[in-house]
Amino acid sequence: MTIPAKTRRALEALDQLVFTVLFTDVWRDTDVNVAMHNSEALRLLKQSLKEAYESQRRRARGLIFAGPPGSGKTHLTREGRMELEHMSGTFVQLDVQLDEDVTKSAVLSFAHALTTSHRGGHNTQIQNLLARLVALALPTGDESAMLIMDGEPTFEAVGAFVAGASKRFGSLNRDEREVLRVLCLQATGIPEYTDLAEDWFACKPERVEGDRARWGIREEIPQPRRVLFALSNIASLVGPVLMSVDQIDEMVQSADADITGSSSAGDLDRELGELSAKLMDYIENTHRTVLVVSCLEGSWSRLQKASLASVEGRFWSPQPLSSHPSRAAAASIVASHVAEALRDVDFKVPWDTWPVKKEAFQDLNRTPREIIRGIQEHARKCIHRNEFVPLTSFPALDSPEVESSVDSLTADFERLLSVVDVSAAVDPEQEGQELPPLLEAGIGAYAIENSSELTVRPAATKQSKQGIHVTAWEGNRRWCIRGVALDHGPGFKARLNWLIDQSKSLSNPDITAVALQTTEWNLSATNKENLVERQKSGLKVYRADMQDLKICAALVAFKAKHPVAYATWLKANRPMSGTRLIRNIFEEQGGEPPPPGSEAPTSTSILLGRFTNGDPALIELERLRKHVALFAGSGSGKTVVLRRLIEECALQGVSSIVLDPNNDLARLGQPWPRRPGSWSDQDDERASAYFEGTEVVIWTPRVLKGRPVSFQPLPDFGSVVEDVDEFDKALDSAVSSLAPRAKITGDTAKHEEGRAVIRAALRHYAQHGGKGLDGFLQLLSELPADIVNLSKASETAHKLSETLRASQINDPLFGGDGSPLNPGELFRPVKGKRARISVVSFIGLPDPVQRQSFVNQLQMALFAWIKQYPAGDRPLGGLLVMDEAQTFAPSGAMTPCTGSTLALASQARKYGLGLVFATQAPRGVHNQVVGNCSTQMVGFLSHSTQIAAVKEMADARQAGRMELSGLAAGQFYLRSEGAPHQLITTPMCLSNHPKSALTPEEIVELARAGE
């Protein structure tokens, strides 16, 4: 009898039943109710959570669940995690292996848990935690609270939050206050801040000196034990903490198999004892924490020897889980699973446990997992025979009736292969959860196909950006493997670094670190360089075909459906053997060449001077993408070094935009009247090549007699409007440029409203294709009422329009006179020249605010231009040289160009633009500018405050050797990425540099001569 269409669809849905709960499945809610099975264990779990919820300072009792596979251990943990949602609690899944530092792993697990949501689609735990803490610590509507919850924290806002929390919850210790600060950064989602937070949770040194200090966080490396206690105690301020430990079985099995290096049962017991001691240390030093340990009975007996449960009053009595549910519980499990499977199917079940009849539950000797598997197999048989019959009894587990013929199994595998979706596994945000099960299935299948001793398991993946995805062993050989889908920003480098660090492959020749390229990579120059360096140190990079990953995904589903015949079918069909994924990693075929675009950059070194032993002090041109800071006082030779750097880059075809506030850089196009005595024959040759191939142009903003230039105050929004992050940054820069002109830079409510009106109007203007200042002022003067949700927005906008037009009249640079140039013209040499140096003289901008406004306009235009015309494969696309940098991006009050300077400092490198910041006042420059400069040159300094500032940037040993007040002119300490400060002597510049600066009249004459 043919199966009706609706019944067939219902059976097909049951054919997809999932009866194995994975490690990460505890984060996914389920409607399946398992309360009737192991009800006492569930009652105790909820009671422990209730105790923790009701008493903030009480140490709650933990639980130990021991039972066979499929008895519901992970289901219980998931029920506890779901219960926490109603208690404002925090769930942590401890991910640790015996050969790892338990406390450090616990910190990373905790940090990862906070970035995960209970339901996978709503707010993350860190967002919920911060929202509750902020609501308790700060008054409703407080500006600091809004900044933190909007993901835009400031130092002042974070400080107010920490102070409020300390007052609300009593005295928080230093570690707890720092955790609050780090959580504020982690919750922003801004890479710069989240990287800082992740490094802190990982107990690593800061990447950039001063980054932590500017947020009130100590600069020393955090201690994992103290961080863990502080994290847990902060989370417990608003609700209980549930920490789940359910990998004990894998630890025991791995140790027994001599994977971790344990040589005896005593070694395993000792390691488990250490794990036990650290978990108990955690419980003893935290509050409102419920620890749940889930394991097999055999693992529990080993754990007992480690005396985890012997601490008086800390645990309920161990709860043995029932392997075989009662009839009523089995019926309830079947009904709930069937109902969930048929939720989206147009089929009304004739009875609750359909297709299982009541008599099938008589004398049932199966675990819940085996029951669900039996239903799945029965549904598949009905579909195969095209005939539905109720399931009146479960066949024996080893009965051949459970499996069909090899041909039907192969057809089923092919069907699965045609429908699996692996897109989530190659998503940078989901790869940490979705890719490991696929790799585990594929490598495990390969081992079965070849009767190999190769074993595999998911490795400790605490964060999707960090760690290893799977680890495989064969004898003493180990492969640590992770996929890498992200190909841009610091996240790419971080993934490779974590893979290398956690695999310990650099210190052990038997360990191979493998990075799988799961998407097409379009690497920046910096990331190409890092990749090549990592490959030189032993990292293997292979391409993972989507078809190979689909085979892995099909095997996951196939094993779940056909567990009995799985191994036999694998040996007969060998789907993984011969795949490129397996062949590259395990069969030593030499792998593939580096992916397209990842070859070593062919950058050229430029000469900065000579070390004390006479060796040349060279720097790769590409390293200038990571910016240069030059600190030196009067008489140090700072200007000479700056000029020689610009000249050396020009010799390599790199153009520069040079800001000249002191009239001493405009002679870059003039040769020496007489050869300097310190020159070598090589300098003679380089000077000839420089003047032959370089065009120097002098620009004179607001000086009509020279070569005037103006920039529109609004950036080219069209080039960034599709990129949310970059568009917001462009808006920030535009608002910061217009606010001083509109006289709305203060902290009053009126000024805040004015900035809000400009921002909203700009957003509307840009999103509707608006360009130029005049069009924007016209919009402001007649602002539609629906653009800004403020009662007097139109009136405010009209006043702002009038003020801005007045500023436009008074300042010709403000969208005004002179050539309206784009940065391309400043960089583009005339035919026959290899480079152009555009020197911007400030003789027509005597007021600091005028200079800052002009620089802001220039930098906004430059930022939009480099996004449209990046350097690509060239080692360096151009230089922006900023003398007297402390006047443009000071460490104190914001200037009109601070925002655009910081944006360029953090973003320009990925587009190939290098920045050079020169100053006599190191402490006067914004720390984000200094922090983004990987190359530093330090010359003579006389002021003790500035000397101390420079020495703070060096490590203690180097600082003690730096005699800055005794340096002669032309002597500098050079520090480049990866190297300490070293003393060098710099050469004389190639262009004329007399002692006196140019007069304004001479600059005008030079500017006109170049027309």
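Arg675 and Asp684 join their side chains in a salt bridge, with 2.7 Å from N to O. Arg675 is partly exposed at 42% relative accessibility, and Asp684 is partly exposed too, at 27%. The model you are looking at is predicted, and a search of the whole structure finds 23 salt bridges. Here is a friendly tour of some of these, along with the aromatic pairs and the confidence values.

**Salt bridges**

- Asp728 and Arg763 form a salt bridge whose closest N and O atoms are 3.3 Å apart. This pair links distant parts of the chain, with Asp728 in helix α25 (residues 724-742) and Arg763 in helix α26 (residues 749-767), 35 residues apart.
- Asp728 counts as partly exposed, at 28% relative accessibility, and Arg763 counts as partly exposed at 30%.
- Some charged residues work as a group: Arg174, Asp175, Glu178, Arg218 and Arg226 are linked in a network of salt bridges.

**The loop between α9 and α10**

- Glu209 forms a salt bridge with Arg975, and their closest N and O atoms are 3.8 Å apart. The two come from distant parts of the chain: Glu209 is in the loop between α9 and α10, Arg975 is in strand β22 (residues 971-975), and 766 residues separate them.
- Glu209 is partly exposed, having a relative accessible area of 37%.
- Val208 is also placed in the loop between α9 (191-201) and α10 (224-235). Beyond its neighbours within four places in sequence, Val208 is in contact with Gly931 and Asn932.
- Val208 and Met953 are 745 residues apart in sequence, yet their C-alpha atoms are 9.5 Å apart in space.

**Aromatic rings**

- The whole structure holds 15 aromatic pairs. One of them is the stacked pair of Tyr446 and Phe586, at 6.0 Å centre to centre and with 20° between the planes.
- Tyr446 lies in helix α17 (residues 431-449) and Phe586 in helix α22 (residues 580-586), so this pair ties together parts that are 140 residues apart in sequence. Both Tyr446 and Phe586 are buried.
- Phe492 and Trp521 make an edge-to-face pair, with 5.2 Å centre to centre and 85° between the planes. Phe492 belongs to helix α18 (residues 489-503), while Trp521 is in the loop between β9 (511-517) and α19 (525-536), and the two are 29 residues apart.
- Phe492 and Trp521 are both buried.
- Phe413, Phe558, Tyr566 and Trp569 come together in one aromatic cluster.

**Charges over rings**

- Lys357 places its charged end over the ring of Trp351, 4.3 Å from the ring's centre.
- Arg477 lies over the face of Trp479, at 4.5 Å from the ring centre.

**Confidence in the model**

- The chain has a mean pLDDT of 80, and 84% of its residues reach 70 or more.
- Confidence is highest in strand β14 (residues 656-660), at a mean of 95, and lowest in helix α34 (residues 956-961), at 55.
- Over residues 398-404 pLDDT stays under 50, and the model has 16 contacts beyond four places in sequence for this stretch.

How values were computed. Residues numbered from 1 in each chain as written. Heavy atoms only, no water. pLDDT = per-residue confidence, 0-100. Helix = DSSP H or I, 4+ residues; strand = E, 2+ residues; numbered from the N terminus. Contact = heavy atoms within 4.5 Å. Salt bridge = Lys/Arg side-chain N within 4 Å of Asp/Glu carboxyl O. Buried < 20%, exposed > 50% of the residue type's maximum accessible area, 1.4 Å probe, protein only. Phe/Tyr/Trp six-rings, centres within 6.5 Å; stacked < 30°, edge-to-face > 60°. Lys NZ or Arg CZ within 6 Å of the ring centre and 35° of its normal.
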